[in-house]
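My notes follow the order in which I checked them.

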Amino acid sequence: MDSEGENSVYLNSPVSAADSFSDGDIRRTATSSAVQQTLFLIHSDDPTLKVQAAKEIRRLTKTSQRYRRHFSNAVKPLVNMLRSESFESNEAALLALLNLAVKDEGNKINIIDAGALEPIIGFLQSENAILQDHATAALLTLSASPATKPIISASGVFSLLVEIIRHGSSQAKADAVMALSNLSTYQDNLLLILRAQPIPSTVSLLKSCKKSSKTTERCTALIESLMCYEEGRNSLISEDGGVLAVVEVLESGSAQSREHAVGALLTMCQSDRAKYREPILREGVIPGILELTVQGTAKSRTKAQTLLRLLRDTPYPRSELEPDTLENIVSNLISQIDCEEQSGKAKEMLAEMVQVSMEQSLRHLQQRALGLV
């Protein structure tokens, strides 16, 4: 039989149902079947089946945005499970809701609208550390949405989050300070947060975590925000090692953390230079600020230069013979440093800063000569 005949026989042969679907069709059908089966179980009256379904939802939504959309109808029964007296039901539902909320604004809003906030806040006060940890993580995720911040803020959760920063597990402390940092961006929340006295526990956490960590970044971001108020500034100054903790982040933190740290110190100096200049200088801040003027982000460099001007003995140029250059400002500051080690380090940083400045000026002149600027 010729090739044309073979094709005719093939085309006219019976086709199975499986052959008529592409691989994509089969996968979609399997996905739809798994979703429908799991949704059926989560809506059942059998607690064991509901827990099984919640665990499956958690598994499927861990990394899949598509599954998070598919299981949006599971939010209400999962929230109902939070009110169960069963630890297993509570844990399975919390973890499933946590994964559903990740990077999904619609699910975040649906979870809050379904009444999840009340039981979650209850778990924050639980003596069960596991439920407390899961609830703190859930609140962190939910607080990332601009739409949910007003509702969470109205719940009076700030004091509970501060309490977790004081006494929670390591992970819960990190999640709680991040949740507070999220909520601090909503209008009028800073004063409410300040009433919960977060500075001592936040400084304590800042001292204990790695300076390059995300937790450090959120701690310094929160502290920077709170420095806008005298109550926050006084709390940081009165906390043992409070200013030093911020200075250490300025020296060794990530780029973003250092930006928040120098911003916090600058806000303090700008609010009352006479009051805060000495406590800041006392912690050996000059070398770190100098390094920021050379290596920091654009915002950090600007803030660092402004802070240096505020920290010298007078915020104004002394005379025309001593122009208001960064080098002269720093030289003036170095002459006031009593500690020989700090003075030596600051002089080294100044030399590096001047070298970098000269190199940048030379490159600029070369570019001008070539007509590039």
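**Entry 1: Ser143.** I looked up where Ser143 sits. The model is predicted. Ser143 lies in the loop between α9 (129-142) and α10 (149-154).

Is Ser143 buried or exposed? I found a relative accessibility of 0%. Buried means under 20%, so Ser143 counts as buried.

Next I checked what Ser143 touches. Leaving out residues up to four places away in sequence, I listed Thr148, Lys149, Ile152, Ala179, Asn182 and Leu183. With Asn182 there is also a polar contact, side chain to side chain, at 3.1 Å.

**Entry 2: helix α6.** I turned to α6, residues 87-101. I tested its length. At 1.5 Å a residue, its 15 residues should span 21 Å. The end C-alpha atoms are 21 Å apart, which agrees.

I looked at both ends. Ser86 caps the N-terminal end of α6, with a side-chain oxygen 3.3 Å from the backbone nitrogen of Glu88. After α6 comes Lys103, and I noted its positive phi, near 55 degrees.

How many of the 15 residues of α6 are buried? I found twelve, so α6 is largely enclosed by the rest of the structure. Among them are Ser89, Asn90, Asn99 and Ala101.

Terms used. Residues are numbered from 1 along each chain as its sequence is written. This is a predicted model: local features need pLDDT of at least 70, side-chain atom pairs count only at pLDDT 80 or more; totals for chains, interfaces and linings use all residues. Side-chain values use heavy atoms; hydrogens and water are left out. Helices (H or I, at least four residues) and strands (E, at least two) are DSSP runs, numbered from the N terminus. Buried means under 20% relative accessible area, exposed over 50%, partly exposed in between (1.4 Å probe, protein chains only). A polar contact is a pair of N or O atoms within 3.5 Å; within protein, one must be able to donate a hydrogen and the other to accept it, and residues adjacent in sequence count only if both atoms are side-chain atoms. Contact means heavy atoms within 4.5 Å. The expected span of a helix is 1.5 Å times one less than its number of residues.
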